[in-house]
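Work through the exercises below with the sequence and the coordinates at hand. Each task is followed by a solution in steps.

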Amino acid sequence: WISWFTGTFATLLMALANSLGLFITGLFFYTLTGSVIAPTNGYISNARGDWSVGRALSFFMGMFGAGSTIGPMIGGLLADRFSLREVYFFALGIFVISTLIVLFIRDQAVTPAAREHTPFSVLRNRAFVWTLAGIFLLSFSSYLPFPLSATFLENERGLLLTQIGQLGTLGNASVMLLNLILGRLDPMSAFILAQTGMLLFAGLISRGNQMLWYALAFLFSAGYRVV
């Protein structure tokens with residue numbers, strides 16, 4: 001609930017912002033909503049029924065991709081016809097509806113933690129710690145180009161906001177499909193394929209000079225939401 005209310009408040013700040021400082025404040029609070037990922041995954045894991053954990057989580061992300069498929073296209077059209085401010089007010093309305101839905105979901109039983117383990121006991125497992133470090137560096141480097149791609153395509157390649165919105169729609173559609181497909185694979189294979197997709201995304205965006213190459217790039221961009 002806190003994460004959803006924070007997201008709504010943050011979007012309101014960004015919509016009302018008349019200065020860069022206020023907008024960054026809203027963006028900061030919006031970033032904090034990432035804390036919802038762990039409890040959301042825990043909730044889905046407990047509410048999955050007969051499904052495996054991997055299938056339940058990948059299906060959730062697939063539906064996330066399905067719901068956000070038309071968002072970038074609508075955002076691009078609103079920005080071109082009106083202004084970017086209207087995009088944030090539109091997003092605010094969606095956040096309000098989403099928050100109302102979340103307020104009525106049913107509670108799930110909390111899985112008790114094993115008493116023989118302390119919160120930091122996992123740090124004694126060196127193989128696990130090094131694995132986490134490697135995943136962090138790989139994920140960070142492969143994801144880094146993604147949030148900068150829209151600005152790059154607009155300023156360096158001359159694409160319209162509507163075109164960038166269409167690419168975002170294509171990317172979100174691939175999120176839905178790849179999650180449903182890779183969710184049936186073992187975790188390591190899915191992770192490697194997802195990271196390979198992000199490398200292809202960066203290469204096609206940086207070297208491509210036609211809409212076709214950018215479209216292919218955004219097809220592979222789903223990797224950052226699959227891992």
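Predicted model: local features only at pLDDT ≥ 70, side-chain atom pairs only at ≥ 80, totals over all residues.

**Exercise 1. The chain as a whole**

Solution. 
Step 1. The C-alpha trace spans about 60 × 40 × 35 Å along its principal axes.
Step 2. Buried residues make up 28% of the 227.
Step 3. Taking contacts between residues at least 6 apart in sequence, 69% join residues at least 24 apart.

**Exercise 2. Helix H1 against H2**

Task: Classify the packing of H1 and H2 as roughly parallel or roughly antiparallel, and list the residues that make the contact.

Solution. 
Step 1. H1 and helix H2 (residues 20-32) have axes 8 Å apart, at an angle of about 165 degrees.
Step 2. Angles over 145 degrees count as roughly antiparallel, which makes H1 roughly antiparallel to H2.
Step 3. The crossing of H1 past H2 is left-handed.
Step 4. On H1 the contact uses Thr6, Gly7, Phe9, Ala10, Thr11, Leu13, Met14 and Leu16, and on H2 Leu22, Phe23, Thr25, Gly26, Leu27, Phe29 and Tyr30.
Step 5. By class, the H1 and H2 contact holds ten nonpolar, five polar and no charged residues.

**Exercise 3. Helix H1 against H6**

Solution. 
Step 1. H1 passes H6 in a left-handed crossing.
Step 2. The residues in contact include Trp4, Phe5 and Thr8 of H1 and Tyr88, Phe95 and Thr99 of H6.
Step 3. Sorted by class, the contact of H1 with H6 has 13 nonpolar, five polar and one charged residue.

**Exercise 4. Helix H7 against H10**

Task: Determine whether H7 and H10 are roughly parallel or roughly antiparallel.

Solution. 
Step 1. H7 and helix H10 (residues 187-207) pack at an angle of about 30 degrees, and their axes are 9 Å apart.
Step 2. An angle under 35 degrees counts as roughly parallel, so H7 and H10 are roughly parallel to each other.
Step 3. H7 passes H10 in a left-handed crossing.
Step 4. Ile135, Leu138, Ser139, Ser142 and Tyr143 of H7 meet Phe191, Gln195 and Met198 of H10.
Step 5. These contact residues of H7 and H10 are five nonpolar, three polar and no charged.

**Exercise 5. Two single residues**

Task: Decide whether threonine 99 and phenylalanine 146 are buried or exposed.

Solution. 
Step 1. Threonine 99 belongs to helix H6.
Step 2. With a relative accessible area of 5%, threonine 99 is buried.
Step 3. Leaving out residues up to four places away in sequence, threonine 99 touches Trp4, Phe5 and Thr8.
Step 4. Phenylalanine 146 sits in the loop between helix H7 (126-143) and helix H8 (149-155).
Step 5. The relative accessibility of phenylalanine 146 is 18%, so this residue counts as buried, the cut-off being under 20%.
Step 6. Phenylalanine 146 and isoleucine 205 are 59 residues apart along the chain, and their C-alpha atoms are separated by 9.6 Å.

Key: Residues numbered from 1 in each chain as written. Heavy atoms only, no water. Left-handed = near helix turned anticlockwise from the far one by under 90°. Helix = DSSP H or I, 4+ residues; strand = E, 2+ residues; numbered from the N terminus. Contact = heavy atoms within 4.5 Å. Nonpolar A, V, L, I, M, F, W, Y, C, P; charged D, E, K, R; others polar. Buried < 20%, exposed > 50% of the residue type's maximum accessible area, 1.4 Å probe, protein only. Axes fitted to C-alpha atoms, helices over the stretch in contact; angles between N-to-C directions. Parallel < 35°, antiparallel > 145°, perpendicular 65-115°, else oblique.
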